[in-house]
Amino acid sequence: MAELIELVWILTKIGAILGPLILSVAYLTYAERKIIGWIQNRNGPNRVGPMGLLQPFADVFKLMFKEVVLPSNANRFLFLVAPLLSLMPALAAWAVIPFGAGLVLTDINAGLLYVLAMTSLGVYGVILAGWAANSKYSMLGAMRSAAQIVSYEIAMGFALVGVLMAAGTMNMSGIVQSQAGPIWNWFWLPLLPLFVVYWISGVAETNRAPFDVAEGESEIVAGFHVEYSGVAFAVFFLAEYANMILISGLAVILFMGGWYSPFHGLPVLGPVFDLVPDLVWFVIKVAGFLYLYLWFRATFPRYRYDQIMRLGWKVLIPVTVVWLVVLALMILAGFGPWFD
Amino acid sequence: MLEAYLPILLFIIVGLGMGVVLITVGFVLGPHRPNDEKLSPYECGFEAFEDSRMKFDVRYYLVAILFIIFDLEIAFLFPWAIVLDEIGLFGFGAMAVFLGILLIGFLYEWKKGALEWE
């Protein structure tokens, strides 16, 4: 009986994470169209509901009532498993994300490793979807996408090693707590090169502009999910946007002081701004990073594939390796105020 | 300790379940009017030219191999990074030797042109 209550309680908490997450995904698509619209001096969606606020729901219901096409050459089982494989890690990674002090589903010790494992799993969904559809475009898109994700994962992994060195723990809450203090105490400052590398690889990992050759709507039309329609497509879409939010959330936790206010620990401002709940700070910061995603998409032209690979292997990886050595020396020397 | 992972297992199951439910809903609510043209692979309106399970560029394979090597390197760096404070200069030196050897390998790949995509 006690176990059953425990189980229900955990499921309730999972629901409390997933519900807002799905809602955020819905409104992220709305925000994307709205903000890019404003950047291009036009209005985004503004017909469905007040200010177009019901647009995401209209989109979801439209997709639900569309036919799910199973291409004749496709490997049917794998074709349907692929979207699940890309959705599952995008959602499950949220199990260890702390939204505030103690506000986390499960506080495991190897939190960061778990998140890295989950983001790596996403590539299976991509490659399987591209292969199972048995279409040339999706195959090409999957290859490009997988090679790109895998390449930038190295740079991202190195950047995370820097965070671990600075924090001395893999526990997500522990990483945030080791940044306690005002904004210049957060890891973005001592790890600035790693922070930049992390963010660029995060954008590339999610296949977002300017690194969206895998999608390449002007040549291979949407890449690995070209043969997907209706809800099966919506699942990929959901996974992509959930991943964007996840990468932004990680950027906040690892480099931007998680749930702390920018004035935490200062004499007068500190206590005043600490009155704002942890969760609010976390959400504000994540929203800031999500805005960057949209801003990049509206601003930069798409990279060429060889440029993407060169940036990943020949620029980002050397930069991180050099900074890891510098960082190790700073830590061994007790370079204050971060590492004393 | 291990019970901390139970919520993760549940989360994975819920995540998979959500996908299954969504796709099932799509099959139930959506129409089913398949025909040969609709089910054929999309190639911008043309008939598909040849089999899509075609030969592919060896560079994808190279990238995959390099990824495995470097991912392993990261796996070695993780525990080192966490205890760097305790192992001090000796630990730093040991890892410098390890990184140095891998760096030689990386330079070799670079010079050989394994990282070129033109």
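Residues are numbered from 1 along each chain as its sequence is written, and chains are lettered from A, with ligands numbered from 1, in the order in which they are written. As the model is predicted, local features need pLDDT of at least 70 and side-chain atom pairs count only at pLDDT 80 or more, while totals for chains, interfaces and linings use all residues; side-chain values use heavy atoms, with hydrogens and water left out.

I begin with the interface. Contact is taken as heavy atoms within 4.5 Å. On that rule, 79 residues of chain A are in contact with 65 residues of chain B. The area buried between chain A and chain B is about 6,600 Å², and carbon and sulfur atoms give 80% of that area. Buried area here is the accessible area, with a 1.4 Å probe, that two parts lose on being put together, summed over both. Three residues, A:K136, A:W313 and A:K314, supply 12% of the area that chain A buries against chain B, more than any other three residues.

How many salt bridges does the rule find across the interface of chain A and chain B? It finds one, where a salt bridge is a side-chain nitrogen of Lys or Arg within 4 Å of a carboxyl oxygen of Asp or Glu. The partners are A:K314 and B:E116, with their closest N and O atoms 2.6 Å apart. Between chain A and chain B, the count of residue pairs in polar contact, both at pLDDT 80 or more, is three. A polar contact is a pair of N or O atoms within 3.5 Å; within protein, one must be able to donate a hydrogen and the other to accept it, and residues adjacent in sequence count only if both atoms are side-chain atoms.

Which elements give two or more residues to the side of chain A that touches chain B? They are α1, α3 (76-92), α4, α5, α8 (230-255) and α11 of chain A. Helices are DSSP runs of H or I with at least four residues, numbered from the N terminus. The largest share of that side, 17 residues, comes from α5(A).

Let me return to A:K314, which lies in helix α11 of chain A. Is A:K314 buried or exposed? A:K314 counts as buried because its relative accessibility is 14%; buried means under 20% relative accessible area, exposed over 50%, and partly exposed in between, with a 1.4 Å probe and protein chains only. Not counting residues up to four places away in sequence, A:K314 touches A:M309, B:W110, B:L115 and B:E116.

A:Q148 counts as buried because its relative accessibility is 0%. Its side chain is joined to that of A:N207 by a polar contact of 3.4 Å. Leaving aside neighbours within four places in sequence, the residues in contact with A:Q148 include A:A204, A:F211, A:Y305 and A:I308.

On the chain B side, helix α3 (residues 58-82) has 25 residues and reaches 37 Å from its first C-alpha to its last, close to the 36 Å expected at 1.5 Å a residue. The expected span is 1.5 Å times one less than the number of residues. Among the buried residues of α3(B) are B:R59, B:E73 and B:W80. The buried residues of this helix pack against α4 (111-132), α5 (136-167) and α11 (305-332) of chain A together with α4 (84-112) of chain B.

I turn now to aromatic pairs. Rings of Phe, Tyr and Trp (its six-membered ring) pair if their centres lie within 6.5 Å; planes under 30 degrees apart count as stacked, over 60 as edge-to-face and the rest as tilted. By this rule the count is 23 aromatic pairs over all chains. One of them, A:W259 with A:Y260, is tilted, at 5.6 Å centre to centre and 45 degrees between the planes. Both A:W259 and A:Y260 are buried. A:Y291 and A:W295 also form a tilted pair, at 5.8 Å and 40 degrees. These two residues lie in helix α10 (residues 278-299) of chain A, four residues apart, about one turn of the helix. A:Y291 is partly exposed at 36% relative accessibility, and A:W295 is partly exposed at 43%.

Finally, two loop residues. A:N41 has a positive phi near 60 degrees, in a residue other than glycine, and A:M51, not a glycine, has a positive phi of about 55 degrees. A:N41 is placed in the loop between α1 (2-39) and α2 (55-64) of chain A, and A:M51 lies in the loop between α1 and α2 of chain A.
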